[in-house]
Amino acid sequence: MSEIYYMDIAFLIWGSIFSMIAALCMFLSKNYNREKRRWMLCMQITTAVLLMSDALATMFDGCPGAGYTVILQIGNFLLFALINVILLFFHEYVICYLFAKSDRTKIFRIKLNRCVLIAGIILSAVSPFLHLYYLIDAQNIYHRSDGFFVSLIVPVLAVLVELSLLIQYRKNISKSILGSMIFYMVFPLSAMMIQIRYYGLALINMSIGIAMILMFVMITKEQNHELENLIRSREETAERLEISTMLNRCVTELTSGDNIDQAIQNLLGIINDYFDADRTYIFRIDPIRQVTYNTYECTKEHVSRQIDNLQEIPLSTISTWMKKFEESKVYYVADLEQEKGTPTYEILAVQNIDQLLAVPLSKDNQIIGFMGIDNPRNHNEDATLLSSLQFFITNSLMKKKEKEYLRFLSYRDMLTGLYNRNRYMETVNEYQENHCESIGVAFIDLNGLKKINDWYGHEAGDRMIRKTASCILQFFPENSFRIGGDEFVIVIRDVKQQEFEEEMQRLRSSIERQRISISMGMLWRKQPKDLEDMLKQADALMYEEKEAYYRINGNYHGFYYAGKQE
């Protein structure tokens, strides 16, 4: 036998083993979409059986003996049947990417492809008895029959239908996955064209094995990409949560008590601990005398204080810093050597400062000072917290009476003017200590906001949120909260049921007149014991209405016009 013959068998066996290993890897993976994982597993296992069947059929072709004849019959039956089975699994895998479950019953080509491939499986099953595709002679040698081309027409038709779906709905999947799917179909088709004339090698099945390898690589790449995004998202969420927690803590410190100086001093201690820094300080700028003063300072234990030594520093000394500050940028010294040749180098060197982070403090577009951190060991390249605190610190420095304004910021949502989640949580906690005769609650969520953001941009989405909030403010200015991106809550104490329901209906009508679609869950109770439980029930009712909306409308983004509505 020729060397090509043995290479053919070896490749088929190797491909079968690889497909089984890939199936095992997919089975053990827990971080992949369950439905896609199921169909990919079926494809990989079926491909492994197909390639092994082809290898056995090739090995025993022409070997005399009843046992070899049975193996050859079974092997060839599996070859023709499993190609259709694999395409059927591939078809189900593709539509997982392209369509939601609710949309799959609406598309004729999905049903057509299933029927075509099932018909192909049935024809493969009857072929050994009718010699439709092939026959095995007395010497146990495989021969094509006159109906062999029927076995090619069925998968070709299925592939063409599948290609039409992929091309039409290509925007629903990534380019890499789309490319691997098209390759999975086109490559075997090319091999089929060659094998129509030359069928000494298992070109079609080899091409299926190669295409499956590429598909597995692309899926693994996509899975890794999803995992990276998930890990990155978790890390970013953790960072944002940490910053938000610190920001809330800092703002709370600034707004608590009547002693602003002590509040700022305590704030610097919090920031110093957050950055694990040697010093945290605030400098005030005197624009008339063109000097700067160290006004507040917090130091780590065993680190010397410098507040007395850093008074009336000429503004020209930090001219490089001021240029950054005027652009509203952070000034970051990663290494003291970067300051060499500037007036600040000696000042920093004397204080043993190797790294420094500073942000401007401005009022009415005028820089009134800056806050700095010496030798930060944690978060040393992230000035998000400092940038977020600039406004609060500036106002605390300007006037004590603006403490109330800081309190306003801590309880109001700046985009909509509604109360925010902080105030909402306080309201829930206050109710536990002070019950009432009756209460009405409502959860409101916008329909189609993601589509508005995706199609028209987040500015259009923000306009949609603001318009909804404006309607809510007209009816419930002191009883409404924005607790998330497009989530609103209304809590009204001591209200009659009919009055509450009528007001809510008027609110819904007012919002819909703005051409905005919402889902609402509302609930009224007399002398409720648990407000949190009541709010959860209202939230569940809202989600029931939202699910009903999307069942009817699919992913349609509603009837809101995203153009400028000012």
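Figure 1. On a 1 Å grid over the protein atoms alone, a pocket is an open set of points with protein on both sides within 12 Å along at least five of seven lines, and a lining residue has an atom within 4 Å of a point. Two or more lining residues come from each of α7 (203-255), α12 (403-411) and α13 (421-433), and α7 gives the most, with six residues. Helices (H or I, at least four residues) and strands (E, at least two) are DSSP runs, numbered from the N terminus.

This is a predicted model, in which local features need pLDDT of at least 70 and side-chain atom pairs count only at pLDDT 80 or more, while totals for chains, interfaces and linings use all residues. Residues are numbered from 1 along each chain as its sequence is written, and side-chain values use heavy atoms, with hydrogens and water left out.

**Figure 2. The largest cavity.** A cavity is a set of grid points where a 1.4 Å probe fits but cannot get out. There are three cavities of 30 Å³ or more, and the largest has a volume of about 170 Å³. Of its 15 lining residues, Phe-283, Leu-310, Ile-318, Trp-321 and Ile-347 are the closest to the centre. The elements that give two or more residues to this lining are β3 (279-286), α10 (344-350) and β8 (366-374); the largest share, three residues, comes from α10. Look again at Phe-283 and Trp-321: they also belong to one aromatic cluster with Tyr-281, Phe-325, Tyr-331 and Phe-370.

**Figure 3. A tilted aromatic pair.** Rings of Phe, Tyr and Trp (its six-membered ring) pair if their centres lie within 6.5 Å; planes under 30 degrees apart count as stacked, over 60 as edge-to-face and the rest as tilted. The whole structure holds 16 aromatic pairs. In one of them, Trp-39 and Phe-89 are tilted, with 5.9 Å from centre to centre and 35° between the planes. This pair links distant parts of the chain, as Trp-39 is in helix α2 (residues 34-60) and Phe-89 is in helix α3 (residues 66-98), 50 residues apart. Trp-39 is buried, at a relative accessible area of 18%, and Phe-89 is buried at 18% too. Buried means under 20% relative accessible area, exposed over 50% and partly exposed in between (1.4 Å probe, protein chains only).

**Figure 4. Charges over Tyr-419.** Arg-412 lies over the face of Tyr-419, 3.8 Å from the ring centre. The charged end of Arg-423 also sits over the Tyr-419 ring, 5.8 Å from its centre. A charge counts as over a ring if NZ of Lys or CZ of Arg is within 6 Å of the ring centre and within 35 degrees of the ring normal.

**Figure 5. The two faces of helix α14.** Which residues of α14 (residues 449-456) are buried? They are Leu-449, Ile-452 and Asn-453. Seen down the helix axis, the buried residues of α14 fall within an arc of 95°, so they line one face; the arc is that of the directions from the axis to the C-beta atoms. They pack against β9 (438-446) and α15 (458-475), with contact meaning heavy atoms within 4.5 Å. The face turned away from the buried side carries exposed Lys-450 and Trp-455.

Technical notes:
Grid points are joined across faces, edges and corners, and a volume is the space filled by probe spheres set on the points.
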